[in-house]
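Thanks for coming. I will go through one protein this morning, starting with a spot on its surface and ending at the annotated positions.

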Amino acid sequence: MASSSTSISSSPVELAGSPTKSMPQNNARPAHRSRPPKPNYKHIHRFPLPLTVHPLPPLIPHNPLSLISVVLSYLTYFVSPPHQEIYAAYFDSATSSVHVTDEKAIQALWEMGFFGKGTLSRSQPSWLEREKKRRGLLGGQTNEELTRQRRTERRELKLERARMEKVAIEQRLKAEAAARESGSTTVDQTTATLLAHGAPGGTAVTLEKFSLRKAREAKMLESQRSKEQENTGPASSSSGQESPSKAVRFSPVVQEKEFASDSAIRRLPGPATEAQETSQEESVLYNEEHLQLSNEEAFFLAYGLGVLQVYDHQQKAIIPPTSLLSLFSHNSYYPPRDSSTDLKPDDPFMISYIVYHHFRSLGWVVRSGVKFGVDYLLYNRGPVFSHAEFAVVVIPAYEHPYWSETSDRKSYCATKQARSWWWLHCVNRVQAQVKKSLVVCYVEVPPPRSQDTKNYSDDIGALLSRYRVREMLIRRWVPNRMRD
């Protein structure tokens with residue numbers, strides 16, 4: 001496949017942040033909680049593809065010893081060639097996808113190339129680990145739990161920041177009202193006095209915008225103050241000044257439940273039956289999660305790399321790559337077309353696989369971009385190392401004269417290529433907000449093959465070589481930054 005790229009250059013969208021002043025350091029800065037160490041992703045994902053390779057030593061022409069090392073490396077390869085692992089999967093006609101059930105194959109395909117996603121997870125297959133930690137069989141927290149906890153803390157800190165800003169505005173209004181009553185022309189001195197003594201709890205509230213760090217510091221100070229009040233509570237109650245309190249009683253059903261900050265309800269196990277439940281869970285728990293591969297990923301692993309064998313739904317017969325291409329092409333429509341139907345060169349699977357194969361061949365990690373409204377996301381190394389750099393939209397292009405010979409073909413091509421400017425603006429705006437560059441990828445569709453060579457059982461490489469890929473990079477134009 002040949003490719004060419006065209007770029008529409010403009011400056012990317014940047015998130016500008018206004019500088020804020022630092023809060024007065026009344027107390028020491030609270031120490032942040034230390035997060036658990038991350039896994040060594042560089043070692044885990046050191047292989048970019050699930051292939052067993054035999055590297056050769058460098059050949060230096062003016063050094064005869066390097067030639068000897070190359071010859072020894074070749075001899076070692078012929079005597080004991082590296083074993084290539086072949087993984088098994090099955091095609092599920094209900095979901096029109098390929099599933100991998102072997103745990104070793106799931107781990108290998110995810111760690112070497114980030115293929116597929118867990119059926120019970122967001123991306124990485126981690127359901128078994130999460131379930132064990134939920135049942136108390138393993139220590140620590142999973143990535144999903146850490147993300148949920150971090151989002152909850154950030155939501156609470158944003159509420160605290162909004163409360164502090166509201167207090168600051170109220171104090172400012174009180175100061176201005178007091179200045180008007182006293183007939184003073186300057187509000188600054190009165191404002192400073194009220195802001196220093198009028199805030200609740202005796203703390204000064206500044207008029208600057210509060211950041212999340214300042215809200216966190218204020219929350220820590222408030223918690224320390226509440227603890228001090230609790231410590232001084234018995235002394236004040238002994239002097240006869242008791243604060244009014246209200247006793248709340250819950251039913252036994254409610255007392256058995258624990259309400260978390262993210263509105264999740266968890267049932268606390270009883271102390272007598274906890275050991276029995278743990279022993280039963282250890283004997284019953286097994287991995288229920290599969291690795292779900294898209295049709296493009298499965299065909300790339302089966303045809304492009306030759307490391308995957310796809311079985312039919314009954315898991316009895318292996319589907320060869322030639323039949324696999326026909327199967328995926330028929331299932332790219334909804335409802336799936338009959339196997340006897342003639343396939344077209346612009347089938348949705350063919351168009352999407354051309355782009356997938358193109359970027360995988362260039363070394364990109366290609367993932368689904370459905371959550372951002374695009375077809376693919378391109379990662380430099382993988383989703384665990386950094387965010388996706390590019391978002392790809394696939395559009396078929398009918399440049400061959402065959403597609404413009406008749407009016408019916410012209411209308412057919414116009415229907416396939418129809419995209420509105422509103423659609424482009426929406427997709428471009430979404431990618432700009434998430435700091436991704438939008439790539440519009442045009443796939444030039446060849447004319448249909450003649451009747452004698454229309455069968456898909458011939459060379460797949462010759463079939464794929466008839467397509468061409470054109471890339472166009474689009475960035476959002478911001479008028480106030482790009483007037484010149």
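**A walk through the model**

I68 lies in helix α2, which covers residues 64-79. Helices here are DSSP runs of H or I with at least four residues, strands are runs of E with at least two, and both are numbered from the N terminus. This is a predicted model, where local features need pLDDT of at least 70, side-chain atom pairs count only at pLDDT 80 or more, and totals for chains, interfaces and linings use all residues. Residues are numbered from 1 along each chain as its sequence is written, and side-chain values use heavy atoms, with hydrogens and water left out.

The cut-offs are under 20% relative accessible area for buried and over 50% for exposed, with partly exposed in between, using a 1.4 Å probe and protein chains only.

Now the whole protein. It has 16 helices and 14 strands. Of its 484 residues, 31% are buried. Among contacts with a separation of 6 or more, 67% join residues 24 or more positions apart; a contact means heavy atoms within 4.5 Å.

Next, confidence. The mean pLDDT, the predictor's confidence in each residue on a scale from 0 to 100, is 78 for the protein, and 72% of the residues reach 70 or more. Strand β11 (residues 376-379) has the highest confidence, at 97, and strand β6 (residues 265-267) the lowest, at a mean of 43. Over residues 254-272 the pLDDT is below 50, and the model gives this stretch 21 contacts beyond near neighbours in sequence. Where pLDDT is low, the predicted coordinates should not be read in detail.

Last, the annotation. Which residues does UniProt list for "active site"? The entry, which is unreviewed, gives Y379, H387 and K436. They span 58 residues in sequence, yet no two of their C-alpha atoms are more than 10.7 Å apart, so they gather at one spot. UniProt positions are in the numbering used here, feature names are shortened, and annotations may be inferred rather than shown by experiment.

Y379 is in strand β11. Y379 counts as buried because its relative accessibility is 10%. Leaving out residues up to four places away in sequence, Y379 touches W364, V365, R367, S386, H387 and A388. H387 sits in the loop between β11 and β12 (390-397), and at 71% relative accessibility H387 counts as exposed.
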